Amino acid sequence: MTPVPGRLVLLTTSHRVAPGLLSWPAWELLRGADQVICADPGHPQLPYLREAGVRVVHAAPTGRELVDATAGERTVVYLPAADNDPAVTDELARLGGSGRVAMPDLELLPGSYDLPGARLLDLVQVMDRIRAECPWTREQTHTDLAKYGIEEMYELVEAIEEGDRESLREELGDVLLQVVFHSRIAEEDAEEPFSVDDVAGTIVDKLIHRHPHIFGDEVAETPEAVQANWVRLKAVEKQRDSVTDGVPVGQPALALAAQLSGRARRAGLPVPDAAGVEVPTDRTALGDLLLALASAATAAGLDPESALRAAARRYRDTLRAAE
């Protein structure tokens, strides 16, 4: 009489979760199984299984050998290698579909799942390797990469404006790469090193501090109240002497002018005289007006970017004098 097959469970784990942090069903299964087989002698889970008293057989079985191991209604747990052993799983699928083999109950049990953001760990690992092994990458400095950060942000804005979801995902990745790349370079600084974890920790602390209506006892029920809290807390953190402090002069002239005037207006300081200027209330009309001004300036032999930047710098000096 042919022994009745039992149960074959493929136990998968994520390398992005610390070894040993398995689900409770996974631990119950491992402790109660008749046999646990692992193809990879260097599998990261093995030390923790040994510590828990789970005996593991090191072998690289075929699909048929795994099926045979369940004979006699035995429960066999198989820990595949990092690539999930596609040859084994494909063979099991063929055997099951052939109709000629008495198959055990086949189960796939995830012992650990990726947490949200887990792929960021992959990015950090890939960046580590590229920094170490790529001749171009290992020579780059913060200064070398500065221009790419600006370019990537412009490409991100373009993807947003065009409503291209595929490009948006790609450009967000390119911006994220700049953060991880700079953080990796920063680790090598001899005097003030920091890592991507330090970068993440800094922004986490800042977000918690500036959202006291979520993480504290303050109340802010409108977007305006949230923004007011943000501005107040930021002012306390930065301890700036002028509303112009922290405004990057290197940004495009139009953005620079808008940021300076916006800060001045919130602080009750003088804003540029707009008497006699009719500002369209429609966004499209305003854009057309700005485009026409840029075109007219160019036709007159003037550079609108440098002209506005010079005016913004003069306005910045005016604000500082008024303060």
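The buried residues of α6 are Leu145, Glu152, Leu156 and Ala159, buried being under 20% relative accessible area with a 1.4 Å probe and protein chains only.

This is a predicted model, in which local features need pLDDT of at least 70 and side-chain atom pairs 80 or more, while totals for chains, interfaces and linings use all residues. Residues are numbered from 1 along each chain as its sequence is written, and side-chain values use heavy atoms, with hydrogens and water left out.

I noted that just after α6, Gly163 takes a positive phi of about 70°.

I then turned to the largest pocket, which holds about 1200 Å³ of space; a pocket is an open set of points on a 1 Å grid over the protein atoms alone, where a 1.4 Å probe fits, with protein on both sides within 12 Å along at least five of seven lines, and lining residues have an atom within 4 Å of a point. The volume is the space filled by probe spheres set on the points, which are joined across faces, edges and corners. Of its 28 lining residues, Leu254, Ala257, Leu290, Leu293 and Leu308 lie nearest the centre, and α12 gives the largest share of the lining, eight residues.

Conventions
Helices (H or I, at least four residues) and strands (E, at least two) are DSSP runs, numbered from the N terminus. Buried means under 20% relative accessible area, exposed over 50%, partly exposed in between (1.4 Å probe, protein chains only).
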